[in-house]
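Please read these points with the model open beside you.

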Amino acid sequence: MKRRTDVLLVASSGGHLLQLLALADAWEGCSRFWVVEDTPDARSLLHEESAFFISFDTERSIVGLLRGLPLAVRLLRRVKPSVIVTTGAAPAVPYAWVGRVARARVVYVESITRIDEPSLSCRLIAPFAHRIYVQWPELARAMPRARHVGAILSVQ
């Protein structure tokens, strides 16, 4: 079944997922679909959401990336997102690449843990992203295309 989805949200589990969940007000009232690493915490946090839980090789490699591309193509054909929002990490890369080709807007939010240099997933997604948000002014200075509008989570 194919359906038009407003927002596709893609993240690995743990902190990446928590940061994406912290932005929930941004897509309130929009249809959404999640693609998240299959872990008990992700399943618990998203138990009331439409989601596809992926297993992936945690080793960052070309083979892992290439393995994720066909799955991203199939899923994007099915949910037809208008926008893809991701906080990374490795599982997000093929969805951003395929999403851009499929004419979805791609928004990347860099992790709060990245203060002065971008993550590998950010460097791989940035050429395909319509918008890149960073959570530290130092990183915004290092990435001229990025926008700094503050932190998602408070750092204390």
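1. A residue is called buried when its relative accessible area is under 20%, exposed when it is over 50%, and partly exposed in between (1.4 Å probe, protein chains only). With a relative accessible area of 1%, Thr87 is buried. Thr86 also counts as buried, because its relative accessibility is 1%.

2. The model is predicted: local features need pLDDT of at least 70, side-chain atom pairs count only at pLDDT 80 or more, and totals for chains, interfaces and linings use all residues. Residues are numbered from 1 along each chain as its sequence is written, and side-chain values use heavy atoms, with hydrogens and water left out.

3. Helices (H or I, at least four residues) and strands (E, at least two) are DSSP runs, numbered from the N terminus. Two strands pair if DSSP finds at least two bridges between them. Seven strands form an open sheet with parallel pairing, in the order 3-2-1-4-5-6-7. Strand 3 (51–54) and strand 7 (147–148) are at the edges with a single partner strand each, so one side of each has no neighbour in the sheet.

4. Which strands are joined to strand 5? Strand 4 (residues 81–88) runs parallel to strand 5 and is joined to it by four bridges; Thr86 has Tyr108 as its bridge partner there.

5. Why is strand 5 (residues 105–109) largely enclosed by the rest of the structure? Four of its five residues are buried, so the rest of the structure largely encloses it.

6. Thr86 and Thr87 both lie in strand 4. Contact means heavy atoms within 4.5 Å. Leaving out residues up to four places away in sequence, Thr86 touches residues including Val10, Ala92 and Ile125. With neighbours within four places left aside, Thr87 is in contact with His16, Leu17 and Gln19, among others. The side chain of Thr86 also reaches the backbone nitrogen of Gly88 at 2.9 Å.

Note on methods
Polar contact = N/O pair within 3.5 Å; in protein donor to acceptor, adjacent residues only side chain to side chain.
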